[in-house]
Structures are given as C-alpha cells and as structure tokens.
Amino acid sequence: MPRPVTIFTGQWADLPIEEMAAMTADFGYDGIELACWGDHFEVDKALAEDDYCEKKHALLAKHNLQCHAISAHLVGQAVLDKIDERHKSILPEYIWGDGDPEAVNQRAIEELKNTARAAQKFGVDVVNGFTGSSIWHLLYSFPPVSPAMIDAGFDLLAERFNPILDVFGECGVRFALEVHPTEIAFDIYTAQRALEALDNRPEFGFNFDPSHLIWQGIDPVQFIRMFPDRIYHVHIKDAIVTLDGRTGINASHLNFGDSRRGWDFRSPGRGGVNFEEIIRALNEIDYQGPLSIEWEDSGMERTFGAREACEFTKKLDFSPSNRAFDAAFDDENA
C-alpha cells in the first residue's frame, strides 16, 4: 500500500490554514504536516480551547486530508541555542518576551512540552522539530576547541531535553529531530552521539531529510541504515551541490537562491538526491509513515513546484516485493 504523501506547511505559513488546506487538496496531496506557527497549528490555543482540535480536524476532513505529524522547528531551535536577535524573528511574542536569553530558553522548553500535550490532544504521535545547538559555532576547531567543550554541548542536550522527553513519554508522543546543520545532530556521527547522550530513550528519533545530508557529502541511505528504528518521519526534499571552482560548500554568506552559492535546495527530483535508493532503504526498514514534502526552491514558483513534487513523489513510491523475482523458476520446476 502506498505511503501517504503530505506537504509540510512551514514554508506556507504566510497563508491562512483554510487557504492552505484547500490548496493542498487541489495539488493532489493525501495529507498535511501542520507547522506550529502562523495559524496552522497553535499550541496555546489547542490546549486552552476545548473545540480547537475538533475544528482543525473538521477543516482537514472537509478537504479529505490526513495529518500524521505537527512540527515545532522554530520553538525547538530556541531550546539549546545561545539566544540572540535572530531568534526574535522566528519565535512567538509570548516565547520571545523581553528577549532575555535564559528566559527565552526556558519558555521554549515549556512550549515544547506543551507541544507534546497538544499533539496528544490533536491525536498525532509525532512532533517534528529542531533542538538548536550550543556548540554549532564551534564546528571549525580554531581557536582550538577542547573535547570538553563539545561534551558540554551534549550534556546540555541531556539536561534540557530529558525533562521534555518525559512529557513526550507521558503523552505517548515521539520527538523527531530533523538532522540539520545548526542542530545538535547534523550528520550520522552527531546523531549517534545525541542518541547516546539521551540514553537511547525511545521518545527521541529522527525526521529523515536527505537534503541536509547530501550537500555535506553524506549518503542519505547510510543514515537510514544506521538508524532503522529511529526514522519516525520522512521529509522529501532535494538539494544540489554546485561547486564550479569559485563557489564554496560553506556558501560564502550568500543567501539561498544566489547562483554564487556552492549548494542550494531544489524541488524534489530536480537536485542530486537519489530518491530511488531512499525508497528502497525505507522499504528495507519497513517505514510505513508519510512521505512529507518540504518544498523549498528559490528558483521556482511554489504552487507549480508543490503540485509537481506531489506527482513526482506519488510516482516514486512503491511497495517491496513479497517474493523473490526468481521464485517462478522454482514454481515451474516443481
């Protein structure tokens, strides 16, 4: 049975959810992954208003849309990050408050706990998101970075996320970190270390997104095979490396869409990700969840891209075989 194909609304939060839901259905999607910003899914209202979740389900049902996950990337970023003026643009006012860094961290922690409670009330069991990182800025080890400094970053993950995950466990909800530069886990080895820092507790796994791995030179299929029991959700997102002798993989402080960058995001099927092998690897681990398109392509009109991405992903997906291709020979001989 094909996996449901959904769209993540994070890049569409400028639109009211009623408009976005109608567009999602028109594009041909089976479902929608609701971002916890804009009016797409409001954690505070979900907990405070008795009929909020009911109304949200009614809206989705009107358009025959499933929902398997909600996503709290923006608030999650503020849990481990060293807070500065950049965070004001991504956080709700009630999380930003007066901007005091430690207070923002603490409010973000409580909001992520509440997101688990809201997910339970809404009836989904996965919250995708970010963790932030207190040590991302130490990536290039000069001035020299001691092992103790990196250890401290993972110790902080355990200190701040274990109480969050306690609430997730109480609610029967799992947190799926989108492994991503600027997060505590951004590749295979840091993902493994994050799991170890959290004692491999089952509430913590990954939202697999190949686009963030490929430009780093990491084979996304190897990530799936490394963590077969921790792939809690999947994003279909593409990227391309465009090194030409002038461009750099660190992107030269140039924003997305600038042709001088050494890599950029692309609409699914138009970049360098080998989605064929990803589907085969997901079949190997028996992943049955949604394939959720996170659409980002600075060079393409988004409604065209979202519709095309849906068609691409539905054509891409296939079920594994339940018999060997040469079994017919044995049948014939028998």
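Me: Which residues does Ser71 touch, not counting residues up to four places away in sequence?

Reply: Ser71 touches Phe8, Glu33, Leu34, Ala35, Cys36, Trp37 and Asn128, where contact means heavy atoms within 4.5 Å. Keep in mind this is a predicted model, where local features need pLDDT of at least 70, side-chain atom pairs count only at pLDDT 80 or more, and totals for chains, interfaces and linings use all residues. Residues are numbered from 1 along each chain as its sequence is written, and side-chain values use heavy atoms, with hydrogens and water left out.

Me: Ok, is Ser71 buried or exposed?

Reply: Ser71 is buried, because its relative accessible area is 0%. Buried means under 20%, exposed over 50% and partly exposed in between, with a 1.4 Å probe and protein chains only.

Me: And how much of the protein is buried?

Reply: Buried residues are 53% of the 334 residues.

Me: New topic: what volume does the largest pocket have?

Reply: About 1400 Å³. On a 1 Å grid over the protein atoms alone, a pocket is an open set of points where a 1.4 Å probe fits, with protein on both sides within 12 Å along at least five of seven lines. The volume is the space filled by probe spheres set on the points, which are joined across faces, edges and corners.

Me: Which residues are closest to its centre?

Reply: Trp136, His180, Pro181, Thr182 and Phe256, out of 41 lining residues, meaning those with an atom within 4 Å of a point.

Me: Last one: what size of box do the C-alpha atoms fill?

Reply: Roughly 75 × 55 × 40 Å, taken along the principal axes.
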